[in-house]
Amino acid sequence: MSADAAAGTGIIFCPSRYSLAQRRQVLSLNWNPPTHLRTSSLLGRPPTRLRNVKFVIVTNAVDSTQPSSSTVTLSGKAIVPDDDGFSITKVSFGVIGLAVGCTLLSYGFGAYFNILPGSEWSALMLTYGFPLAIIGMALKYAELKPVPCITYADAQALRETCATPILKQVRDDVTRFRYGDEQHLDEALKRIFQYGLGGGIPRRNAPVLKMIREEVTQDGKYSLVLVFQAKALQLSDFEQRQAKFASFFGPGITAEVGKGENGLYEVQLISNTVPQ
């Protein structure tokens, strides 16, 4: 037994992920343990009381090379979170309608049967609660959820000065809730792939937008990358329509197509505006 053990002193190393850089927290206690926990005479010395038990909690220093909580890295590039703040277009009206309508209906029925107070308002709550719930269900059924958007820090810095108005509009449209549309960019894809027309593709084979990325090309230009899933199409189907992508989302746009990971196809819309 060491001198520290005989004196009742121990050190507990407790790693911590919090930003307590190079900090120690020491807790000293006076403890009179029961007899069966005292040091045994089998060790060659009489039983000793453990006093002044000392716990030393040492936390790991925070690695200064790690990114801050507001920035994430992917493939060596810094990703910034959505900086647009709160927007009503990013809230589901279907969820709001259902929540308000069902709340009014529930309270209205409870008040009508005198289970809840406010029986004089029960008719009004039932009158407005029922249509709100129906509207909420209809909006939820017709709802098209926004697609994920990955924005790299260098692309965010160029967006305001280099992104064309059409690229900004595309980004805003696909990252908000839409209602009644079969899919994002439905009108654009209909014209580019010419559903059901000669030289076109069947509508059932239409590509589906899965996500978008804002990034900077190797020559320093802002680009918006549209990532599609199209199991029934080949890369050649996108390459044949590369000029149509540039024409539809232009002017001031160069389009490049390629195949991404997991069988996805990427259409890179590159702004021709050179950063100053």
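**A strand and its partners**

Author: In strand β12, Ile270 is the bridge partner of Ser223. Before going further, note that this is a predicted model, in which local features need pLDDT of at least 70 and side-chain atom pairs count only at pLDDT 80 or more, while totals for chains, interfaces and linings use all residues. Residues are numbered from 1 along each chain as its sequence is written, and side-chain values use heavy atoms, with hydrogens and water left out.

Strands are DSSP runs of E with at least two residues, helices are runs of H or I with at least four, and both are numbered from the N terminus. Two strands pair if DSSP finds at least two bridges between them.

Burial comes next. A residue is buried under 20% relative accessible area, exposed over 50% and partly exposed in between, with a 1.4 Å probe and protein chains only. Strand β12 (residues 264-271) has eight residues, and seven of them are buried, so the strand is largely enclosed by the rest of the structure.

Rings of Phe, Tyr and Trp (its six-membered ring) pair if their centres lie within 6.5 Å; planes under 30 degrees apart count as stacked, over 60 as edge-to-face and the rest as tilted. The structure holds eight aromatic pairs. One of them joins Phe248 and Phe249 edge-to-face, at 5.2 Å centre to centre and 80° between the planes. Phe248 is partly exposed, with a relative accessible area of 31%, whereas Phe249 counts as buried at 2% relative accessibility.

Another pair gives a contrast. Tyr112 and Phe113 are also edge-to-face, 5.1 Å centre to centre with 90° between the planes, but Tyr112 and Phe113 are both exposed.
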